[in-house]
Amino acid sequence: MSYSDIPGVNFPPTLVIDIHGASAQQLAEQLTHGGFTADSADTCPEALAAVAAQHYWSIILLGDLSDPDDVQCIAGLRRRAPRTWILMISSTELRDRRALYLGHGVDAQIATPFSMEDLVSRLMAFSRHSRPA
């Protein structure tokens, strides 16, 4: 089954952020092709401005919190969008890192490499646990 065949893929917008590379736009385009509405941001200030301008159901952050800027970015996103789901995609799957992510406001984590089906399933799981506006 293709991830685009998963029923119910019709969510409010998702913001994809990659403050250390150029993968955000590519992942946002893949999500859009799968039925999502997805925007991208390549810097933390750009992401914070996007969150201030529009409500996002979820935020996908590509990173690993090894840079203090990542931690500050998540803190800023949490302040501006306290009820938005934040999913981190990282190359690290170590337990101490997962605890660090959760401690800084990330709701879930996927390690790379990952499948689009896994990513979409996580986003769908978020939708089953609605948060009040």
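The following conversation goes through a predicted model of one protein chain, from its overall layout to selected contacts.

Trainee: How many helices and strands are there in the protein chain?

Mentor: The protein chain of this predicted model holds five helices and five strands. Read from the N terminus, the elements follow the pattern β-α-β-α-β-α-β-α-β-α.

Trainee: And what percentage of the residues count as buried?

Mentor: Of 133 residues in the protein chain, 46% count as buried. As for contacts between residues at least 6 apart in sequence, 68% of them join residues at least 24 apart.

Trainee: Let us turn to the sheet. In what order do the strands stand?

Mentor: The order is E2-E1-E3-E4-E5, in an open sheet of five strands with parallel pairing. From one strand to the next, the twist averages 20 degrees.

Trainee: Which strands stand at the edges?

Mentor: Those are E2 (38–41) and E5 (108–111). Each has a single partner strand, so one side of each has no neighbour in the sheet.

Trainee: What holds strands of a sheet together in general?

Mentor: Strands of a sheet pair through backbone hydrogen bonds, and the pairing may be parallel or antiparallel.

Trainee: How many bridges join E1 to E3 here?

Mentor: Strand E1 (residues 14–17) and strand E3 (residues 58–62) run parallel and are joined by four bridges. One point to look at is Val-16, whose bridge partner in E3 is Ile-60.

Trainee: And how many join E3 to E4?

Mentor: Five bridges connect E3 with E4, and these strands also run parallel. Within E4, Ile-86 is the residue opposite Ile-59.

Trainee: Is E4 mostly covered or mostly open?

Mentor: E4 is mostly covered, as six of its six residues are buried. Trp-85, Leu-87 and Ile-89 point one way, while Ile-86, Met-88 and Ser-90 point the other way.

Trainee: Where do side chains go in a regular strand?

Mentor: In a regular strand they alternate between the two faces of the sheet.

Trainee: Which strands does H3 lie across?

Mentor: Helix H3 lies across E1, E3 and E4, and runs at about 160 degrees to E4 (85–90).

Trainee: What about H3 and H2, at what angle do they pack?

Mentor: Helix H2 (residues 44–53) packs with helix H3 (residues 68–80) at an angle of about 10 degrees, and their axes are 10 Å apart. Angles under 35 degrees count as roughly parallel, so H2 is roughly parallel to H3.

Trainee: Which residues make that contact?

Mentor: H2 contributes Cys-44, Ala-47, Leu-48, Ala-49, Val-51 and Ala-52, and H3 contributes Cys-73, Gly-76, Leu-77 and Arg-80. By class, the contact of H2 with H3 has eight nonpolar residues, one polar and one charged.

Trainee: Now H1 and H5. How do their axes cross?

Mentor: The axes of helix H1 (residues 24–33) and H5 come within 12 Å and cross at roughly 75 degrees. That angle makes H1 roughly perpendicular to H5.

Trainee: Which residues in H1 and H5 meet?

Mentor: Leu-27, Gln-30 and Leu-31 of H1 meet Met-116, Leu-119, Val-120 and Leu-123 of H5. The classes in the contact of H1 with H5 are six nonpolar, one polar and no charged residues.

Trainee: What is the count of aromatic pairs?

Mentor: The count comes to one aromatic pair. The ring centres of Trp-85 and Phe-126 are 4.6 Å apart and the planes stand at 10 degrees, so the pair is stacked.

Trainee: Changing topic, is Gln-54 buried or partly exposed?

Mentor: Gln-54 counts as partly exposed, at 31% relative accessibility. Gln-54 is in the loop between H2 and E3.

Trainee: What does Gln-54 touch?

Mentor: Leaving aside residues up to four places away in sequence, Gln-54 touches Pro-13 and Asp-39. Gln-54 and Pro-13 are 41 residues apart in sequence, and 8.7 Å apart in space from C-alpha to C-alpha.

Trainee: Finally, which residues does the cis peptide bond join?

Mentor: Thr-112 and Pro-113 are joined by a cis peptide bond with omega about -5 degrees. Pro-113 is in the loop between E5 and H5.

Methods
Residues numbered from 1 in each chain as written. Predicted model: local features only at pLDDT ≥ 70, side-chain atom pairs only at ≥ 80, totals over all residues. Heavy atoms only, no water. Axes fitted to C-alpha atoms, helices over the stretch in contact; angles between N-to-C directions. Helix = DSSP H or I, 4+ residues; strand = E, 2+ residues; numbered from the N terminus. Parallel < 35°, antiparallel > 145°, perpendicular 65-115°, else oblique. Contact = heavy atoms within 4.5 Å. Nonpolar A, V, L, I, M, F, W, Y, C, P; charged D, E, K, R; others polar. Pairing = 2+ DSSP bridges. Phe/Tyr/Trp six-rings, centres within 6.5 Å; stacked < 30°, edge-to-face > 60°. Buried < 20%, exposed > 50% of the residue type's maximum accessible area, 1.4 Å probe, protein only.
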